[in-house]
Amino acid sequence: MPTIYSKSQVAEHNRKENGWLIINNAVYDVSKFYDDHPGGRDVLLAHIGTDATEGFETAHHSKGAMRKLEDLKVGELPENERRHYISMEQVAAKKSADSAWFVINDKVYDVTRFLDLHPGGRDVLLYNAGGDATQAFTDNGHSDMAVRMMGEYAIGDLEPSERSAFVSRTATSEQHTASPHAIFAKSENESLLRHIQEQLKLLVVLALFAIAGVFLLS
């Protein structure tokens, strides 16, 4: 059984002489590795006492570096503080209106509850469900508020071994050839069309009432 250390315990090891950090739920003592780190000591010192997973994942590490990392391991996080990892296979199975997941920047989001709340319509979300929506999200641009709202729908992190992987969506040939901008525009047009249709129905009902009133008065 590995030794268990909480995040608060790791945070106490934030000095040069006893520097610990977290990577993918494991705790490492890097205090004797500063001068041997190929990327320099500063990058390690900047992360001691914290979760360095994001920084570690964005940098390329050789198999030799990964083996060395195991030599520095001193324990793991408790179950209630561990990151929840989800595979692309699991994401790929969630591509319907009943359960819609996708990946943005290596985080997994369940947007099922957000389908009818999305300002651009549900179609653009369903088009990306089951795959990696990072490019579509980036290309369309989103406000700071929208980015903050995303946190409400985050359910986990993509498996480290599958970061930046892409699973093709099951879609029509039209969807495959259309750009995210085109899909977004299409969903907006469809929403506008539905609104116009509803207004026309209301006008027809009002007209019928008006005609009925004329007959009653005559």
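**Ground rules**

Two strands count as paired if DSSP finds at least two bridges between them. Helices (H or I, at least four residues) and strands (E, at least two) are DSSP runs, numbered from the N terminus. I am working on a predicted model, where local features need pLDDT of at least 70, side-chain atom pairs count only at pLDDT 80 or more, and totals for chains, interfaces and linings use all residues. Residues are numbered from 1 along each chain as its sequence is written, and side-chain values use heavy atoms, with hydrogens and water left out.

**Entry 1: the overall tally**

I started with the inventory: the protein chain has 10 helices and 8 strands. I then looked up burial (buried means under 20% relative accessible area, exposed over 50%, partly exposed in between, with a 1.4 Å probe and protein chains only). Of the chain's 218 residues, 33% come out as buried. For accessible area I used the Shrake-Rupley method with a 1.4 Å probe; for residues, only the protein chains shown count as cover. The chain exposes about 13700 Å², and carbon and sulfur atoms supply 57% of that. Contacts (heavy atoms within 4.5 Å) came next. Among those with a separation of 6 or more, 70% are between residues 24 or more positions apart.

**Entry 2: the β1-β2-β3 sheet**

I traced an open sheet of 3 strands, ordered β1-β2-β3, with antiparallel pairing. Its edge strands are β1 (20-23) and β3 (73-76), each of which pairs on one side only. For angles, axes are lines fitted to C-alpha atoms, for helices over the stretch in contact, and the values run from 0 to 180 degrees between N-to-C directions. From one strand to the next, the twist averages 30°. Helix α4 (residues 63-71) packs on the sheet and touches β1, β2 and β3, and its direction makes about 75° with that of β3.

Then I went through the pairs. β1 and β2 are joined by 4 bridges, antiparallel, and Ile22 stands opposite Val27 in β2. These two strands make a hairpin with 2 residues between them, where Asn24 has a positive phi near 50°. On its other pairing, β2 (residues 26-29) is joined to β3 by 3 bridges, also antiparallel. Here Val27 has Gly75 of β3 as its bridge partner.

What does Tyr5 touch, leaving aside its neighbours within four places in sequence? The contacts of Tyr5 are Val10, Trp20, Val27, Val74, Gly75, Glu76, Leu77 and Pro78. Tyr5 itself sits in the segment before α1 (7-12). I also checked Tyr5 against Glu81: they are 76 residues apart along the chain, and their C-alpha atoms are separated by 9.8 Å.

β6 (residues 99-104) and β7 (residues 107-110) pair antiparallel over 4 bridges, with Val103 opposite Val108 in β7. They form a hairpin with 2 residues between them, and Asn105 in the turn has a positive phi of about 50°. β7 also pairs with β8 (residues 154-158), antiparallel over 3 bridges. In that pairing, Tyr109 has Ala154 of β8 as its bridge partner.

**Entry 3: salt bridges**

I searched the whole structure for salt bridges (a side-chain nitrogen of Lys or Arg within 4 Å of a carboxyl oxygen of Asp or Glu). The search gave 9 of them.

Arg41 and Asp35 make one, with the closest N and O atoms 2.5 Å apart. Arg41 is partly exposed at 27% relative accessible area, while Asp35 is exposed at 64%.

Which residues does Arg83 pair with? One partner is Asp51, with the closest N and O atoms 3.2 Å apart. Arg83 lies in the loop between β3 and β4 (85-86) and Asp51 in the loop between α2 (41-45) and α3 (53-58), so this pair ties together parts 32 residues apart in sequence. Arg83 is buried at 18%, and Asp51 is partly exposed at 25%.

Glu54 is another partner of Arg83, at 2.8 Å between the closest N and O atoms. Glu54 lies in helix α3 and Arg83 in the loop between β3 and β4, so the pair links parts that are 29 residues apart in sequence. Glu54 is partly exposed at 42%.
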